[in-house]
Amino acid sequence: MKTGFIAIDHKPVQLSVAMEKVGTVPDRQSYNADTQAWFPDYGLSPVVFRPSVRVLDPSASKTRDVSAELTDVEWTEVADGVETLVTGTIPDPADPTKKKYTLTNAEGEAPALALNSNLMPLDTLGLRFSAKWWDPVSGAVYPVMLTCSVRCTNATRSVPDLIVDFAETSTWDPIYEWDSAVIPLAVSLRAGGKEVDRANVRLIWELMEDDGSWRAVDDLDWFVTVLDDGWTCRLDRSSMGSRADLRVRAKYDPDGDPDSVTLTDISPERRITCVRQLCYYDYDRLTPVEMAPGTQKINLRCRIHGDNGDLPDPERELAVIWYTATDVNVPVYKEVARGMDVMVPLGSVGQDGVMTAVDVKDRGHLRALTVNGKLLTINGKILLVRTA
């Protein structure tokens, strides 16, 4: 009798693996800051992932699902380069009373992971799945590793950029800049690098009160003129006072109904602050050092100068005040005249002569006179006076 052995050729099986998203909830969500809402909201409808592992047996030319036979199952969260082993106890960052994940790994069922927590805008959350499958025929152990990710986009309507063609903070020197006191403040509103349709915009111009509150520009604000189209405002710095704080805000509706928009803290806005500030100046007395006995009048002159020489038209902003004292030993000064070049009667002069003194002071900004809350005018022009 002749015998022989015929061995069974166990060819290695092939695994087909994939990560499946279960149900209709997508793995991409969006956040809208205008409504402060996520879509979809994973806190209400979680996104669920489940690995799919199928085995192809070359010998039998058939496949079967072995997802429920996986062992050593682990899920790992990867966020900002940090890896965290996923458990069912990780709290939801937005609500610690809830769990971030729900894990399913019951016997006879494929493992699954549900994400119950929303992501922050522009965040990406990576998930890595690892497990093993044991081939009961060959005894071989096959590793399984899969990855997936969840992303959150920003669905907030971008806030357009409000632009004013003037510095947000500036100073105005009436000595040298009087001829350019009136400045136009032109506004544009741009979104995505392009100017928006002006028909979709309403601009609101406001002034700051002394207490820091804002109010709309009205007819009593003689130094502010908003043109009819609302896109340009003229600021007269010569009559604005010591400073002016302007704010312009935009009601913008791309659908063409800006009047329905309510202004909020995130509405497009720009602020313009302008402060009256005199240039540096100094002054000298140009008076005689001697006078003849019996002199009745004396010419008193003052020179006012700065970094660029003599100031132009200094008396428009500066008051030159002259004083004399007849007792040179214990001088008691009294005001005798105002002006840069004056003739002053001396009256009784002391035995040794007379003391003179000069002071130069800021006359202060212009202000409008009002009567019963209405501007006082003369021949149609607003009456302005100095504050000092």
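Reader: Why is Trp 172 called buried?

Author: Buried means under 20% relative accessible area, exposed means over 50%, and partly exposed lies in between, with a 1.4 Å probe and protein chains only. Trp 172 has 1% relative accessibility, so Trp 172 counts as buried. Keep in mind that this is a predicted model, where local features need pLDDT of at least 70, side-chain atom pairs count only at pLDDT 80 or more, and totals for chains, interfaces and linings use all residues. Residues are numbered from 1 along each chain as its sequence is written, and side-chain values use heavy atoms, with hydrogens and water left out.

Reader: What makes Trp 178 count as partly exposed?

Author: Its relative accessibility is 27%, so Trp 178 counts as partly exposed.

Reader: How many aromatic pairs are there, and why is the pair of Trp 172 and Trp 178 called tilted?

Author: Rings of Phe, Tyr and Trp (its six-membered ring) pair if their centres lie within 6.5 Å; planes under 30 degrees apart are stacked, over 60 edge-to-face, and the rest tilted. The count comes to five aromatic pairs. The rings of Trp 172 and Trp 178 have centres 6.1 Å apart and planes at 35°, so this pair is tilted.

Reader: Which strand does Trp 172 belong to, and what sheet is that strand in?

Author: Helices (H or I, at least four residues) and strands (E, at least two) are DSSP runs, numbered from the N terminus. An open sheet of five strands has the order E15-E23-E22-E18-E19, with mixed pairing. Its edge strands are E15 (169–172) and E19 (214–216). From one strand to the next, the twist averages 30°; axes are lines fitted to C-alpha atoms, for helices over the stretch in contact, and angles run from 0 to 180 degrees between N-to-C directions.

Reader: How do you know that E15 and E23 pair?

Author: Two strands pair if DSSP finds at least two bridges between them. E15 and E23 (residues 269–276) have four bridges, in the parallel sense. Trp 172 stands opposite Arg 276 in E23.

Reader: What makes E20 and E21 a hairpin pair?

Author: Three bridges join E20 (residues 224–226) to E21, and the two run antiparallel. Val 226 stands opposite Cys 233 in E21. Five residues lie between the two strands, and Gly 230 in the turn has a positive phi of about 80°. E21 (residues 232–236) is also joined to E16 (residues 182–191) by five bridges, again antiparallel. There, Val 182 has Asp 236 as its bridge partner.

Reader: What sits over the ring of Trp 231?

Author: The charged end of Arg 198 does, 4.2 Å from the ring centre. The rule asks for NZ of Lys or CZ of Arg within 6 Å of the ring centre and within 35 degrees of the ring normal.

Reader: What is the order of the six-strand sheet?

Author: The order is E3-E2-E13-E12-E6-E7, an open sheet with mixed pairing. E3 (37–39) and E7 (82–85) are the edge strands, as each pairs on one side only. E2 (residues 28–32) and E3 pair in the antiparallel sense over three bridges. Tyr 31 has Trp 38 as its bridge partner in E3.

Reader: Why is Val 78 called partly exposed?

Author: At 27% relative accessibility, Val 78 counts as partly exposed. Val 78 is found in E6 (residues 71–79). Neighbours within four places aside, Val 78 is in contact with Glu 83, Leu 125, Gly 126 and Arg 128. Contact means heavy atoms within 4.5 Å.

Reader: Why is Asp 80 called exposed?

Author: Its relative accessibility is 81%, so Asp 80 counts as exposed. Asp 80 lies in the loop between E6 and E7. Asp 80 has a positive phi of about 55° although it is not a glycine.

Reader: And what makes Leu 122 exposed?

Author: Leu 122 has a relative accessible area of 66%, so Leu 122 is exposed. Leu 122 also has a positive phi, of about 70°. Its place is in the loop between E11 (112–115) and E12 (124–134).

Reader: Why is Val 13 called buried?

Author: Val 13 has a relative accessible area of 11%, so Val 13 is buried. Val 13 lies in the segment before E1 (14–22).
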